[in-house]
Amino acid sequence: MKVLPVPVRADNYAYLLIDDASNKAAAVDPYDVPKVRAAADSAGVQIVAALTTHHHHDHSGGNQAFAAAFPDAPIYGGSHKIPALTNQVKDKDEFNVAGIHVRCLATPCHTQDSICYYVTDRSGGGGAAHPGGVFTGDTLFVAGCGRFFEGTGAEMHAALTYLAELPPETVVYDGHEYTKGNLAFAKHIDPDNPALARLERLVNEGVQPAQRTTIGDEKEWNPFMRLDSPPVQKATGGGEPAAVMDALRTLKNNFKG
């Protein structure tokens, strides 16, 4: 199993989730179908499915074109707000893309149909084993989280706590390149956190997203996953996790960097 990021629009990521054993792939949030198809052709893989993280246009807006280009490929997602959906999924649903096992994690908040896809290699093929990955859409970003467009602080806290239960080596594949802004805010909130210095080095070295962040990393450097830490408590005024999450999100929304 391997994952290829495909940058689309100004700062979005689509991805190809590839089963090495069969050279078959799922496209994740394939907004720009020609660009995703070209990446698949370059990699020598056949696209056989699409995984949609949520209904916002910058993630699902390519689905109609995808359905036309790949009429036999199922399109998975969390609600019928998602264009061209063929397979609606809910929390803990499981399916396979060739030799890759996919488990659906419902993470409502950014949208109520937000689904994160936890993927593990079941093919038993040769080569170094992939540690597993999770496509988080606009729920979890590197050192940040999505805005609460359709949810509450309590829901985002529940979503990130749910993702934190994944194995720490799980690679995070998020939906946007927001790392520099998120890093600046995290340093503002938690300036003495040594993990943030490590992330800053990675950013400065130009390390690609697929190579730089895991669930374990996020638990060390993401302020939205560290609500009980003294710096976050101090910055937000403390209190219950839901209140802290709401206060932290408001601080981020207003942060000018």
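A disulfide is taken here as a pair of cysteine sulfur atoms within 2.5 Å. By that rule, the count comes to 0 disulfides. The structure is a predicted model, so local features need pLDDT of at least 70 and side-chain atom pairs count only at pLDDT 80 or more, while totals for chains, interfaces and linings use all residues. Residues are numbered from 1 along each chain as its sequence is written, and side-chain values use heavy atoms, with hydrogens and water left out.

Cys-116 is in no disulfide either, with the nearest cysteine sulfur, that of Cys-104, 10 Å away. Cys-109 counts as buried because its relative accessibility is 0%, and Cys-116 is buried at 0% as well (buried means under 20% relative accessible area, exposed over 50%, partly exposed in between, with a 1.4 Å probe and protein chains only).

Now to the sheet. Helices (H or I, at least four residues) and strands (E, at least two) are DSSP runs, numbered from the N terminus, and two strands pair if DSSP finds at least two bridges between them. On that basis 5 strands make an open, mixed sheet, ordered β7-β8-β9-β10-β13. β7 (94–97) and β13 (171–174) are the edge strands, each pairing on one side only. On average, neighbouring strands are turned by 25° against each other, direction ignored (axes are lines fitted to C-alpha atoms, for helices over the stretch in contact, and angles run from 0 to 180 degrees between N-to-C directions). β10 (residues 133–137) runs parallel to β13 and is joined to it by 4 bridges; Phe-135 stands opposite Tyr-173 in β13.

Helix α4 (residues 153–164) lies across β8 (100–106), β9 (115–121) and β10, at about 155° to β8. The core holds 25 residues, of which Met-156, Leu-160 and Leu-163 touch the most other members. At least two residues each come from β9, α4, α5 (179–189) and α9 (241–254). Leaving aside residues up to four places away in sequence, Leu-160 touches Thr-139, Leu-140, Cys-145, Phe-224, Met-225 and Met-245, contact meaning heavy atoms within 4.5 Å. A second, separate core of 22 residues includes Tyr-13, Ala-26, Tyr-117 and Tyr-173.

Technical notes:
A nonpolar core is a set of buried Ala, Val, Leu, Ile, Met, Phe, Trp, Tyr and Cys residues joined through side-chain atoms within 4.5 Å.
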